[in-house]
Amino acid sequence: MSKQQGPARAGARRSRLSGIPAPGEPRPEVSGLVHRALLSFHGRDQQRRRLINMLILAQALLFIAAAPAYIGSQPATPNLILVVIELLVCGAAWAFNLLFLDAAKASYVLVVGGSLAILSQVFIAALGGDSTRASHAALLLLTIILEAGLLFTPDVTLLVSLSAVGLTGAALVLALALGPTGSARQEYVLLVNILGLQVVTALIAWLLSGFISDTAMEAERAHALQFAQARLDALTTQQAEQRRQLEASLANMQDAMGHALAGETMARATVAEGELLLLSGTVNVLLERLDALAQADVARQRQEPGGFSPHAGTSQGAGG
């Protein structure tokens with residue numbers, strides 16, 4: 001009994017210190033909440049992957065639709081190469097999203113790779129002095145800015161947006177400087193329209209990213225509160241059950257000791273498990289020793305001359 005009670009007692013002590021139920025002890029009933037949380041997280045991951053797939057498809061179709069503009073009697077070979085690179089970027093983002101199940105890398109490949117390819121088109125047109133073609137290519141950056149707002153945190157969205165606006169402004173200024181001299185009014189309208197659209201789109205993307213981030217944080221806090229409440233309820237139930245077992249064990253030992261004091265030396269405490277298992281074993285050892293002492297005293301009285309004999313009453317009756 002003592003060899004088995006020692007490890008059990010040590011495990012119960014470690015359980016109380018660490019807060020983790022020992023093997024065989026009742027565990028907090030939070031498995032249902034954990035299962036629902038895992039399903040919720042899995043559903044959110046699937047929704048994010050579907051969103052990225054839709055953005056990849058939309059961006060790829062946009063690049064394909066723009067490709068015929070560079071095909072003609074004098075094909076614009078550098079721009080066609082960039083269109084192919086943009087489609088390869090979309091394919092790489094799709095591979096990261098569906099094959100490797102890495103939505104974060106897919107998002108960065110889609111946004112960063114797509115923006116670099118579009119900016120390359122803008123600067124190629126700017127170096128040729130064609131401000132109109134550079135501004136048309138810069139309009140594709142609006143989709144990149146909106147994608148950053150949907151996929152990234154507000155800080156990253158702001159960084160992507162400011163980079164796109166700054167590089168677009170530099171490319172348009174370069175195109176106006178290298179191109180033929182035109183109307184100052186037209187040049188001003190061109191800069192304001194393109195950069196104004198990008199700034200407004202960046203503001204919308206930043207606000208959208210902040211709203212999505214705040215919603216996600218609120219959902220995480222709500223899940224954390226649910227876990228904490230469920231654990232508190234489970235621990236309260238476990239504590240009530242342990243207290244009930246403790247009271248039942250005490251009542252059992254008191255009843256056994258009461259019977260022993262009343263002369264029933266065969267009485268024993270029957271505590272199957274719980275905090276008082278070791279104490280009940282000690283009480284049973286004492287009761288066994290009391291029983292052994294009582295039996296030894298009865299045997300000694302039988303052996304003494306004139307002592308108690310179970311046949312004494314029968315002999316006296318026969319003599320009478």
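**Helices, burial and cores**

Modeller: Let's start with α7: its buried residues are covered by elements that include α4, α5, α6 and α8, where touching means heavy atoms within 4.5 Å. Bear in mind that this is a predicted model, in which local features need pLDDT of at least 70 and side-chain atom pairs count only at pLDDT 80 or more, while totals for chains, interfaces and linings use all residues. Numbering runs from 1 along each chain as its sequence is written, and side-chain values use heavy atoms, with hydrogens and water left out.

Colleague: Which residues of α7 are buried?

Modeller: Among them are Pro 154, Val 160, Ala 164, Val 165, Thr 168, Leu 172 and Leu 176. Buried means under 20% relative accessible area, exposed means over 50%, and partly exposed is in between (1.4 Å probe, protein chains only). Over the chain, buried residues make up 31% of the 320 residues.

Colleague: What makes something a helix here, and how many helices does the chain have?

Modeller: Helices are DSSP runs of H or I with at least four residues, strands are runs of E with at least two, and both are numbered from the N terminus. By that rule the chain comes to ten helices and zero strands.

Colleague: How do you know that the span of α7 agrees with its residue count?

Modeller: The expected span is 1.5 Å times one less than the number of residues. For the 25 residues of α7 that gives 36 Å, and the end C-alpha atoms are 36 Å apart, so the two agree. With α3, 23 residues should span 33 Å and the ends are 32 Å apart, which agrees as well.

Colleague: Why is α7 called roughly antiparallel to α8?

Modeller: Their axes come within 9 Å and cross at roughly 175 degrees. Axes are lines fitted to C-alpha atoms, for helices over the stretch in contact, and angles run from 0 to 180 degrees between N-to-C directions. Under 35 degrees counts as roughly parallel, over 145 as roughly antiparallel, 65 to 115 as roughly perpendicular and the rest as oblique. So α7 and α8 land in the roughly antiparallel class.

Colleague: And what is that contact made of, by class?

Modeller: There are 14 nonpolar, eight polar and one charged residues between α7 and α8. Ala, Val, Leu, Ile, Met, Phe, Trp, Tyr, Cys and Pro count as nonpolar, Asp, Glu, Lys and Arg as charged, and the others, Gly among them, as polar.

Colleague: How do α3 and α4 pack, and what makes that arrangement antiparallel?

Modeller: Their axes are 8 Å apart at an angle of about 175 degrees, and α3 and α4 are therefore roughly antiparallel to each other. In the contact, residues including Leu 82, Val 89 and Phe 96 of α3 meet a set from α4 that includes Val 109, Ala 117 and Ile 124.

Colleague: Why is Leu 101 put in its accessibility class?

Modeller: Its relative accessible area is 54%, so Leu 101 is exposed. Val 112, in helix α4, has 39% and therefore counts as partly exposed.

Colleague: What makes a set of residues a nonpolar core, and which one is largest?

Modeller: A core is a set of buried Ala, Val, Leu, Ile, Met, Phe, Trp, Tyr and Cys residues joined through side-chain atoms within 4.5 Å. The largest has 36 residues, with Ile 52, Ile 118 and Leu 141 among those with the most contacts inside it. Elements giving two or more residues to this core include α2 (31–66), α4 (103–127) and α8 (184–261), and the largest share, nine residues, comes from α4. A second, separate core of five residues includes Met 253, Ala 256, Val 283 and Leu 287.

Colleague: Where does Gln 198 lie, and is it buried or exposed?

Modeller: Gln 198 lies in helix α8 and has a relative accessible area of 1%, so it is buried. Leaving aside neighbours within four places in sequence, Gln 198 is in contact with residues including Leu 141, Ala 164 and Thr 168.
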